[in-house]
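I opened my notebook and looked up one chain. My entries follow, in the order in which I checked things.

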Amino acid sequence: MKKKVIALIISLSVIISPMPSVSGSSMAEAAQKVYYVPGSSYAYHSSKDCRSLRRSKNIKAITIKKAKALGLKKCKIRGCW
Ligand SMILES: [Zn+2]
């Protein structure tokens, strides 16, 4: 009886936290929205208000995951992150 309860708890915790131990980035981080300008920039930004985006009109919001898939690099401007 006790063994059954323990097995149930273990299987429940697996359902609740199915996160594989990916080093570094969490799921939430991967889904975070970032901003970039297609064609003219090779960086992604934490906010549309980043200095380097001020003159850009065609700002797109994508997830960090997609930005990385596009080969975009994290913006290095101070204040962006
Ligand atoms: Zn930036």
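**Entry: helices and strands.** I counted three helices and four strands in the chain. Helices (H or I, at least four residues) and strands (E, at least two) are DSSP runs, numbered from the N terminus. Along the sequence I read the pattern α-α-β-β-β-α-β.

**Entry: ground rules.** I am working with a predicted model, where local features need pLDDT of at least 70, side-chain atom pairs count only at pLDDT 80 or more, and totals for chains, interfaces and linings use all residues. Residues are numbered from 1 along each chain as its sequence is written.

**Entry: burial and contacts.** I call a residue buried if 20 or more other C-beta atoms lie within 10 Å of its own, exposed if 12 or fewer, and partly exposed in between, with C-beta atoms placed from the backbone. Of the 81 residues of the chain, 11% come out as buried. Next I looked at contacts (two residues whose C-beta atoms, placed from the backbone, lie within 7 Å). I took the contacts with a separation of 6 or more; residues 24 or more positions apart account for 61% of them.

**Entry: the core.** Which residues make up the largest nonpolar core? I found eight: Val34, Tyr35, Tyr36, Tyr44, Cys50, Leu53, Ala67 and Cys75. Strand 1, residues 33–36, gives the most to this core, with three residues. By nonpolar core I mean a set of buried Ala, Val, Leu, Ile, Met, Phe, Trp, Tyr and Cys residues joined through C-beta atoms within 7 Å. I noted a general point: in soluble globular proteins, nonpolar side chains tend to be buried together.

**Entry: Tyr36.** I placed Tyr36 in strand 1. Is Tyr36 buried or exposed? Tyr36 is buried, because 24 other C-beta atoms lie within 10 Å. I left aside its neighbours within four places in sequence and listed its contacts: Ser41, Ala43, Tyr44, His45, Lys60, Ile62, Ala67 and Leu72. I also checked Leu53, 17 residues from Tyr36 along the chain; their C-alpha atoms are separated by 7.9 Å.

**Entry: Tyr42.** I found Tyr42 in the loop between strand 1 and strand 2 (43–44). Tyr42 counts as exposed, because it has 12 other C-beta atoms within 10 Å. Leaving aside neighbours within four places in sequence, Tyr42 is in contact with Leu72 and Lys73. The C-alpha atoms of Tyr42 and Lys74 are separated by 8.6 Å, with the two residues 32 apart along the chain.

**Entry: Arg78.** I looked up Arg78 in the segment after strand 4 (73–74). Arg78 is exposed, with 7 other C-beta atoms within 10 Å. Its C-alpha atom is separated by 9.1 Å from that of Cys50, 28 residues away along the chain.
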